[in-house]
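Thanks for coming, everyone. I'll go through it site by site.

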Amino acid sequence: LVEGRTVEKRPECCERDMEQRKKMRVAADRSGEDINGPWSERDQAAFQRLIQRIGKDPHAEILGMFGSEARGLISAPKSEVYDRASAFLSAINVTAALVLSAITGMVTSPVDTSNLPPHQQALGIAANMLTYPMVAIQACIVMFSTYVLLMFAAHAHSPDVAYRAIAHFSTLMGSFQVGIYLPLLLWLLQIVLLAHINLTSDWERWTCTAVVVATYAAFHMMFSYSTARAFPRGMWGWLAITTPWLMYQDSVRSDVSRLDGMYLAGIQEAVLHGMDRATVGKVGEGSTECSPEEQQLTQWLDRALPELGGQGMQRSLLIRALVNQGLHLPALTKAARISGGFRVLIDMFSFSLDEDGLELSRGDRLRLATAVMEDNAPSE
């Protein structure tokens, strides 16, 4: 009895449940891992899997198409990544919708095999059976690429969120591309089957077959060779199923390696800015630990140029270039002590974008050379 009213007492189990609910709080991540921005350790692992081939000697990738274009998108500048990803997904969505609209009628109006001669009935059955997987695949691509586009439009509020989403969507994006390619290839096969059903003479049938095969082969080869030269890193993932012999050409392999530096520079500048600094420096490398030389250079840069301390991706790119060129701190110190050392240091800091992944301006080289000289100047 409470204040003249009869109140039903709750069972003890309900009381315990209420107490537990009061104590519960929704955590951002229950794994206990350190999160910097939107990137968790699992997100970083997905990112590393996506870019692990970049910066290494190219080798055959049987399933390289699942992530090929995602690597290009993830190295885009922050100001462009959302527009590029949306344009990529929109192109897939529109293409799949157009193909779907063209082949859907074959489901409702299949080949009537009952009116075909006995030797053509098998061709009619094969043509009809090809229709259903073609339509199903294209319908799924239209459906799910639309959903992915809606997710991007609603939730990709910042470049970091867009990069994170691309890292997780890489396999799905590749599946969309393969899913468009296979039904179109089956459509060409269906055209050949229908030619053998509808045309009357063998000459007509085999002439149409040769024309279809020759047309596809010509466009296939022109596209493969042109794209392997225009976008070697992007096409490398597709060579296994398009033109596998190109994977063994030195010119193609050297083009891929040459452009990897540009991809690494874009990734370092755009993506790693939002990650934990422990991840910086892992791009293109197999080890996550810094060498003594890198630690020494990092400490020197933090002391000599503290303005780089808050820009981990730029500092990491510079340290990696110095280490790769053998420009360790003791070597820089010795160069500063010789006659004309300032000019030598200026030349040492002349990096190439293709070979080193970055290119310093004259002002940057001047600041670095001045910092080395000031560290080695005699104290008054």
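Let's start with C140. This cysteine is partly exposed, at 39% relative accessible area. Remember as we go that this is a predicted model.

Now the overall picture. The protein has 16 helices and zero strands. It has 380 residues, and 39% of them are buried. Next, the contacts with a sequence separation of 6 or more. Of those, 69% join residues 24 or more positions apart.

On to the largest pocket. Its volume is about 1,300 Å³. The lining consists of 38 residues. Which of them lie nearest the centre? The list is E69, Q177, F223, T227 and W238. By type, the lining splits into 23 nonpolar, 10 polar and five charged residues.

Which helix gives the most to that lining? α8 does, with seven residues. Several helices each supply at least two lining residues. They are α3 (68-74), α4 (81-103), α7 (159-198), α8 (202-230), α9 and α10 (250-270).

Q177 sits in helix α7. Is Q177 buried or exposed? Buried, because its relative accessibility is 19% and the cut-off for buried is under 20%. The Q177 side chain makes a polar contact with the side chain of E69, at 3.1 Å. Both Q177 and E69 are in the group nearest the pocket centre. Beyond its neighbours within four places in sequence, Q177 is in contact with E69, F88, I92 and W238. W238 is another residue of that central group.

Follow α7 along to H196, which is in that helix too. H196 is buried, at 15% relative accessible area. What does H196 contact, leaving aside neighbours within four places in sequence? Q120, L123, R205, W206 and T209. Take T209 from that list. H196 and T209 are 13 residues apart in sequence. Their C-alpha atoms are 8.4 Å apart in space.

Next, R233. This arginine is in helix α9, residues 232-236. That helix is one of those supplying at least two residues to the pocket lining. Where does R233 fall, buried or exposed? It is buried, with a relative accessible area of 4%. Which side chain does the R233 side chain make a polar contact with? It is that of D260, at 3.0 Å. Now set aside residues up to four places away in sequence. R233 then touches R53, I54, E61, S68, V256, D260 and Y263.

Two more sites, further along the chain. Q295 is in helix α11, residues 292-304. Q295 is partly exposed, at 44% relative accessibility.

Last, A336. A336 lies in helix α13, residues 329-337. Its relative accessibility is 9%, so A336 counts as buried. What does A336 touch, not counting residues up to four places away in sequence? G341, L345, V372, M373 and N376. There is also a C-alpha distance to note here. A336 and A369 are 33 residues apart along the chain. Their C-alpha atoms are separated by 8.4 Å.

A quick recap. Helices, zero strands. A largest pocket of about 1,300 Å³, with α8 giving the most to its lining. Two polar contacts to find on your screens: Q177 with E69, and R233 with D260. And again, the model is predicted. Over to you for discussion.

Definitions and conventions
Residues are numbered from 1 along each chain as its sequence is written. This is a predicted model: local features need pLDDT of at least 70, side-chain atom pairs count only at pLDDT 80 or more; totals for chains, interfaces and linings use all residues. Side-chain values use heavy atoms; hydrogens and water are left out. Buried means under 20% relative accessible area, exposed over 50%, partly exposed in between (1.4 Å probe, protein chains only). Helices (H or I, at least four residues) and strands (E, at least two) are DSSP runs, numbered from the N terminus. Contact means heavy atoms within 4.5 Å. A polar contact is a pair of N or O atoms within 3.5 Å; within protein, one must be able to donate a hydrogen and the other to accept it, and residues adjacent in sequence count only if both atoms are side-chain atoms. On a 1 Å grid over the protein atoms alone, a cavity is a set of points where a 1.4 Å probe fits but cannot get out, and a pocket is an open set with protein on both sides within 12 Å along at least five of seven lines; lining residues have an atom within 4 Å of a point. Grid points are joined across faces, edges and corners, and a volume is the space filled by probe spheres set on the points. Ala, Val, Leu, Ile, Met, Phe, Trp, Tyr, Cys and Pro count as nonpolar, Asp, Glu, Lys and Arg as charged, and the others, Gly among them, as polar.
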